[in-house]
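Please take a look at the model below. A set of questions about its labels comes after it.

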Amino acid sequence: MISHFTAHADGLFDGKGVRMRCAIGKAGIVSPDTKREGDGTSPRGTWPMRHVLYRPDRETPPETGLECIPLSPHDGWCDDPANPLYNRPVSLPFSASHEKLWRDDAIYDLIVVLGHNDDPVIPGNGSAIFFHLARPDYSPTEGCVALSRPDFLTVLALCGPGSTLEIAP
C-alpha cells in the first residue's frame, strides 16, 4: 500500500485520513540544498520511507507493509561528513562521530529511515533524518519528524513499499 504523509512546520502531521501532532527540527524547515550536518533543521521535500528499525527488547515488529529490521546494542549511524560511511548504518564501537540507535530513552524504539541524502550521499548535507517517536512534551528534534507512539503505530499500519513522508513549510 502506497501512502503519502505530510509533516508541516506548524506541528501538524496528516495524510491517509489522519491528522495528528508532530515534532520537527528545532531550527525549522529548510531547503535540502541548504541543509547542513548538525544544523537542527528538517529538510523540506518528499522522502521515501525506506524501512523500519525497532528495539526487539521493547517492541514487537509493528504492523506495517514496510520491511522491519530489529536493532541491536551495536547499531549506530555515521554523522561524520569526512567518513566514507557518512549517513549510513555502522556497527559500534565506531571511531568516527555517530549516533547510537540503541538509546536509553524511547525515541528510537521505532524508527523509519527516510531517504534523505542517501542516493547519492553528499557529505555534510545532513544525516540520520528519521521518522521516530516523539518525547512526551513533543520537544523539537535535531532534524527528524516525530510522533507519539500510538500515532506512529497508526501511521505505520497505513504504510507499505513506496510510502513517502513530505516535510513542508
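The questions and answers below set values against definitions.

Q: What kind of model is this, and how are its residues numbered?
A: This is a predicted model, where local features need pLDDT of at least 70, side-chain atom pairs count only at pLDDT 80 or more, and totals for chains, interfaces and linings use all residues. Residues are numbered from 1 along each chain as its sequence is written, and side-chain values use heavy atoms, with hydrogens and water left out.

Q: Why is asparagine 87 called buried?
A: Its relative accessibility is 4%. Buried means under 20% relative accessible area, exposed over 50%, and partly exposed in between (1.4 Å probe, protein chains only). Asparagine 87 therefore counts as buried.

Q: Where does asparagine 87 lie, and what is its phi?
A: Asparagine 87 lies in the loop between strand E8 (75-78) and E9. Strands (E, at least two residues) are DSSP runs, numbered from the N terminus. Phi of asparagine 87 is positive, about 60°, although the residue is not a glycine.

Q: What makes asparagine 117 buried or exposed?
A: Its relative accessibility is 9%, so asparagine 117 counts as buried. Asparagine 117 sits in the loop between E11 and E12. Its phi is near 55°, a positive value in a residue other than glycine.

Q: What is the omega of the bond from leucine 92 to proline 93?
A: Omega is near 5°, and the bond is cis. Proline 93 is in the loop between strand E9 (89-91) and strand E10 (98-100).

Q: Why is glutamate 63 called exposed?
A: Its relative accessible area is 64%, so glutamate 63 is exposed. Glutamate 63 is found in the loop between strand E6 (45-54) and strand E7 (68-70).

Q: Which residues does glutamate 63 touch, not counting residues up to four places away in sequence?
A: Glutamate 63 touches Leu156 and Ala157. Contact means heavy atoms within 4.5 Å. The C-alpha atoms of glutamate 63 and cysteine 159 are separated by 9.1 Å, at 96 residues apart along the chain.

Q: What makes alanine 23 buried or exposed?
A: Alanine 23 has a relative accessible area of 3%, so it is buried. Alanine 23 lies in the loop between strand E3 (18-21) and strand E4 (29-30). Leaving aside neighbours within four places in sequence, alanine 23 is in contact with residues including Tyr138, Cys144 and Val145.

Q: Why do E9 and E10 stand at the edges of their sheet?
A: Three strands form an open antiparallel sheet in the order E9-E8-E10. E9 and E10 each have a single partner strand, so one side of each is left without a neighbour in the sheet.

Q: How do you know that E8 and E10 pair?
A: Two strands pair if DSSP finds at least two bridges between them. Three bridges join E8 to E10, which run antiparallel. The bridge partner of tryptophan 77 in E10 is glutamate 99.

Q: Which classes make up the lining of the largest pocket?
A: The lining has four nonpolar, five polar and seven charged residues. Ala, Val, Leu, Ile, Met, Phe, Trp, Tyr, Cys and Pro count as nonpolar, Asp, Glu, Lys and Arg as charged, and the others, Gly among them, as polar.

Technical notes. Helix = DSSP H or I, 4+ residues; strand = E, 2+ residues; numbered from the N terminus.
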